[in-house]
Amino acid sequence: MKESKLVKQPTKVKSNMVLIVIIYLAGIFMGAIDTGIVTPARTIIQNNLGIDPKTGIWMITIYTLAYAASIPIMGKLADRFGRKYIYLASIFLFGFGSLLCGLSQSFASFPLLIAARAIQAIGGGGIMPVATAEFGTTFPKEKRGMALGLVGGVYGIANIFGASAGSAILDIFGKNNWQYIFFVNLPITVFILIAGLLFLPNTKAESVKKIDFAGITVLTAMVLSLLYGLRNIDFFAFTTTIGSTNVYPFLLAFLVLLPVFLLVEKKAQDPVINLSYFKNSRIVITLLLSFVTGIVMMGMIFVPQFSENALRIASGSGGYFVILLGLFAGVGAPISGKLIDKFGVKIVLAFGFIVTILASLFLIFVTINSPTLLTVSICLILMGLGMGFTMGTPLNYMMLENTDPKEANSALATLSLIRSIGTAIAPAIMIAFLAQAGMNVQTNVMQLLPKEVSVPPLKYSQEIMQQLDKMKQDPSMQAKLVGINFPDFSAAQVVKIDMNNTASSGALSADLLELMQSADVTNITERSKILATSMFTKMTPKLVTSIQGGVQKGIDAMASSSQEINKAISGIDQGLIQLEALAGQLALMPPQAFGQADITELLPAQVKAQIPQMVLGLLKGVKTPADLQVKISIFKQQKLGLEQAKISIEDTLTKMTALQADVPVSFEQAQKTYLAQIDAKKLLIEDTFQTTLDVGFKNVYSTTAIAATIALFLLMFYRKKEEREVG
């Protein structure tokens with residue numbers, strides 16, 4: 001295969017080689033670090049802009065989609081117009097997008113942020129492929145592996161440190177100043193633009209063919225449709241989500257556009273993707289390996305969360321462990337490049353996949369079962385080395401080895417595109433594993449929470465019930481207490497609580513749901529207590545109102561009875577006055593005046609007219625003064641009984657009023673008791689959280705182990721170009 005010439009502007013390239021390398025590596029670093037820098041700030045940004053998590057995830061999704069779509073386009077434009085100007089244009093777009101991202105906070109505009117992230121991604125799509133192509137084609141073949149290793153090392157370190165850098169910037173400037181995670185790109189952008197214009201050579205292919213705008217348009221639509229559809233699939237509810245309008249129309253669009261794209265590319269003078277790549281078995285294997293590597297790489301983004309869970313440290317602290325992984329990835333990448341120059345790409349890549357498998361297996365079978373600082377560090381060191389020997393360098397080398405140098409930009413862009421598809425699919429599967437584990441965490445932790453809580457006995461409750469029973473047995477009180485029923489205070493002493501049912505029924509507010517879903521092993525107990533407190537806050541008013549309402553009915557009924565007793569006592573007092581006055585009058589009459597007739601018949605008409613009808617009724621059957629004295633004595637006894645009943649009722653009313661006021665206090669004490677019971681289960685709750693979430697991590701890193709094993713199998717079929725093309 002005859003190699004086409006690359007044309008360079010006359011420049012003192014060799015004398016400025018160090019500066020040129022710095023300019024390209026600075027761009028790679030800036031573009032790579034920004035893929036992860038938003039991650040720790042995502043929830044802060046969405047809360048600040050007042051959007052829900054489902055919408056907020058688009059600040060990351062839109063970047064992935066636009067980045068993948070722009071890669072082959074920017075690569076082809078670099079072939080056409082030269083790497084220098086497309087690279088600098090990409091840097092400008094990235095910096096301009098970063099500026100707009102930061103300004104979106106000032107304007108409190110999420111749509112502006114989304115548009116700015118897309119602009120960023122379009123620029124980012126031209127940085128890595130162009131820079132890699134320049135390193136891979138301008139360095140001598142015996143130095144190519146080392147050069148690409150340098151690119152891979154910088155890219156790997158920046159990509160891994162992105163999340164840590166985001167956390168650091170938020171710590172320095174404050175969480176309410178998240179715009180600085182984007183503004184940090186501006187000085188780097190200015191440096192690259194000025195230095196690049198002055199010192200970069202403009203390497204480009206010697207070609208005057210027409211740009212394939214039709215192919216670019218169809219390819220963009222294909223990539224966006226495929227990645228958007230794949231991202232919306234829930235692989236734990238595959239049959240349900242595949243039929244969603246957010247999935248199947250876009251996958252169908254991809255299938256429809258695929259033959260259209262093939263037809264357009266066959267007719268294009270300078271196709272955006274060279275279809276002959278897919279006729280070359282070595283290139284096909286390289287692309288498949290790139291796809292699998294994209295899947296493996298995505299397993300690394302869960303390292304901070306895994307480290308935090310394994311060592312039971314607070315969220316955000318796991319970024320320090322990413323440094324360990326990044327250091328060994330950064331060391332491994334340039335070493336792999338040197339080893340490629342010495343031993344060949346296949347051996348180096350195979351070693352990287354084997355180390356990745358060992359790292360995943362060590363994590364699954366050793367670190368998860370014995371989570372210590374040592375075991376976590378060992379698996380991260382192995383992961384870093386595995387990444388360093390597989391991430392970018394060997395595959396870029398393989399792609400450049402099997403394609404024409406004039407197509408280096410578009411060839412590496414194709415490689416990056418295929419890897420991006422892998423990185424788009426992998427999170428959908430891996431996040432589903434952790435999401436499933438997260439739901440199980442919530443269920444399992446809820447089941448550990450106490451199912452009931454004892455409410456302290458209400459003040460005077462027992463005395464009130466005893467007094468009520470005693471009064472109901474008093475014949476003089478029975479009629480006055482008919483229909484008076486008090487709450488069963490003993491039934492209110494135990495409150496049933498089913499947190500798990502409350503959560504599953506959707507009764508949790510969005511804030512509480514987010515609080516529990518974002519919990520980690522260090523704060524799950526405290527957040528469970530916050531949830532319990534919230535549930536008590538919702539339950540208590542209803543129960544307190546119910547009990548106090550029942551007590552109030554009793555108070556009202558007893559108060560009414562007290563009023564009736566007062567009226568009865570007043571009536572007896574009036575009657576006694578009349579009877580005693582009558583007794584005085586009868587004492588003046590001679591004894592023979594009394595006989596068989598009621599004394600009322602002996603009274604003069606004018607005297608009888610002055611006596612109330614109630615008293616006249618009481619005098620029926622009274623025939624002598626002695627009978628009248630007996631009647632007066634009975635009335636005095638009734639008055640005494642009513643006065644005693646009145647004292648008992650007033651005492652009961654006083655106690656019931658105190659009991660009514662004691663109801664909220666008792667429930668507050670019950671809440672403290674419940675929270676204390678949760679505290680007593682703190683270690684068990686943390687163990688359950690950790691082990692349940694570990695199931696998700698086992699599935700994630702089982703996926704990376706399987707993917708790396710598949711890559712090893714594919715690598716068996718790869719043969720060097722010289723071995724297959726003799727003569």
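When I speak of a contact this morning, I mean heavy atoms within 4.5 Å. The model is a predicted one, in which local features need pLDDT of at least 70 and side-chain atom pairs count only at pLDDT 80 or more, while totals for chains, interfaces and linings use all residues. Residues are numbered from 1 along each chain as its sequence is written, and side-chain values use heavy atoms, with hydrogens and water left out.

Let me start with Asp662, which sits in helix 27 and, leaving aside its neighbours within four places in sequence, is in contact with Pro457, Leu458 and Lys459. Asp662 has a relative accessible area of 13% and is therefore buried, where buried means under 20%, exposed over 50% and partly exposed in between, with a 1.4 Å probe and protein chains only.

Helix 27 (residues 625-680) also packs with helix 24 (residues 524-587), at an angle of about 170 degrees and with axes 8 Å apart.

Now to two loops. Which residue between helix 5 and helix 6 concerns us? It is Ala108, in the loop between helix 5 (83-106) and helix 6 (110-138); Ala108 has a positive phi of about 50 degrees although it is not a glycine, and at 55% relative accessibility it counts as exposed.

Methods. Axes are lines fitted to C-alpha atoms, for helices over the stretch in contact, and angles run from 0 to 180 degrees between N-to-C directions. Helices (H or I, at least four residues) and strands (E, at least two) are DSSP runs, numbered from the N terminus.
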